[in-house]
Amino acid sequence: MHPSPHELLELLSEAKRLEWGSEEQLRLLERVRTQCPAHVPGLLLSSRALLWGKEDLADPATFFAEVEQLLLGAVDASDRTPEALIGLARFKSVVRDAPLEAEALYREAATRALNVLEEAWAGLIESLGEQGKTEGAATTATLARTLFPDSSALAEARKFAGLKD
């Protein structure tokens with residue numbers, strides 16, 4: 001039986017309180033991965049904990065391949081969220097010394113993060129407008145416009161909120 005999202009968050013919270021890379025933390029994170037192998041926060045935290053916990057490696061190539069597989073799994077399971085892409089990009093940059101691969105991953109993460117930000121600001125402008133908080137909507141719209149001057153989503157949100165262009 002799969003754990004509930006609440007149970008997974010409790011396990012991750014407990015793991016975060018433990019010393020980075022400690023045997024106890026690694027065991028707890030292995031439990032999370034066993035119970036829910038596609039849980040992205042668990043995969044990302046596991047990869048970091050593994051990297052923190054290993055100093056003397058008998059087989060570095062195998063170890064780093066395992067960590068990379070966790071990160072690739074997080075990227076796939078998350079549908080390439082910015083957080084997962086950044087985790088993999090850092091690994092490629094620091095561990096694999098592959099700045100070109102890291103650059104592409106960072107660029108994709110930044111683009112996806114900007115898309116999320118644009119959508120969030122459009123929603124916030126609409127929500128503030130619905131509540132009659134026109135000053136807050138106008139302030140947010142002005143800030144959003146500096147980053148997304150030609151955004152049709154933000155233009156629609158401003159219109160919905162009753163703001164003038």
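How many nonpolar, polar and charged residues does the lining of the largest pocket have? The structure is a predicted model, in which local features need pLDDT of at least 70 and side-chain atom pairs count only at pLDDT 80 or more, while totals for chains, interfaces and linings use all residues. Residues are numbered from 1 along each chain as its sequence is written, and side-chain values use heavy atoms, with hydrogens and water left out.

View A. The largest pocket holds about 230 Å³ of space, a volume being the space filled by probe spheres set on grid points that are joined across faces, edges and corners. On a 1 Å grid over the protein atoms alone, with a 1.4 Å probe, a pocket is an open set of points with protein on both sides within 12 Å along at least five of seven lines, and lining residues have an atom within 4 Å of a point. The lining includes Leu44, Arg48, Leu71, Glu83, Arg90 and Phe91. Two or more lining residues come from each of helix H3 (40-53) and helix H5 (82-94), and H5 gives the most, with six residues; helices here are DSSP runs (H or I, at least four residues) numbered from the N terminus. By class, the lining has seven nonpolar, two polar and three charged residues, where Ala, Val, Leu, Ile, Met, Phe, Trp, Tyr, Cys and Pro count as nonpolar, Asp, Glu, Lys and Arg as charged, and the others, Gly among them, as polar.

**View B. An aromatic pair between Trp121 and Phe148.** The model has three aromatic pairs, counted when the ring centres of Phe, Tyr or Trp (its six-membered ring) lie within 6.5 Å, with planes under 30 degrees apart taken as stacked, over 60 as edge-to-face and the rest as tilted. Trp121 and Phe148 form an edge-to-face pair, at 6.3 Å centre to centre and with 75 degrees between the planes. Trp121 lies in helix H6 (residues 99-130) and Phe148 in the loop between helix H7 (134-147) and helix H8 (152-160), so the pair ties together parts that are 27 residues apart in sequence. Both Trp121 and Phe148 are buried, a word that means under 20% relative accessible area, with exposed meaning over 50% and partly exposed in between (1.4 Å probe, protein chains only).

**View C. Arg158 in helix H8.** Arg158 is buried, with a relative accessible area of 7%. Leaving aside residues up to four places away in sequence, Arg158 touches Ile125, Ala141, Arg145, Leu163 and Asp165, where contact means heavy atoms within 4.5 Å.

View D. Thr146 is exposed, with a relative accessible area of 60%, and its side chain reaches the backbone oxygen of Leu143 at 2.5 Å. Thr139 also counts as exposed, at 52% relative accessibility. The C-alpha atom of Thr139 is separated by 48 Å from that of Lys54, which is 85 residues apart from Thr139 along the chain.

**View E. Positive phi at Asp79 and Asp97.** Asp79, in the loop between helix H4 (60-77) and H5, has a positive phi of about 60 degrees although it is not a glycine, and it counts as exposed at 60% relative accessibility. Asp97, in the loop between H5 and H6, has a positive phi near 50 degrees and counts as exposed at 61% relative accessibility.

Technical notes. Polar contact = N/O pair within 3.5 Å; in protein donor to acceptor, adjacent residues only side chain to side chain.
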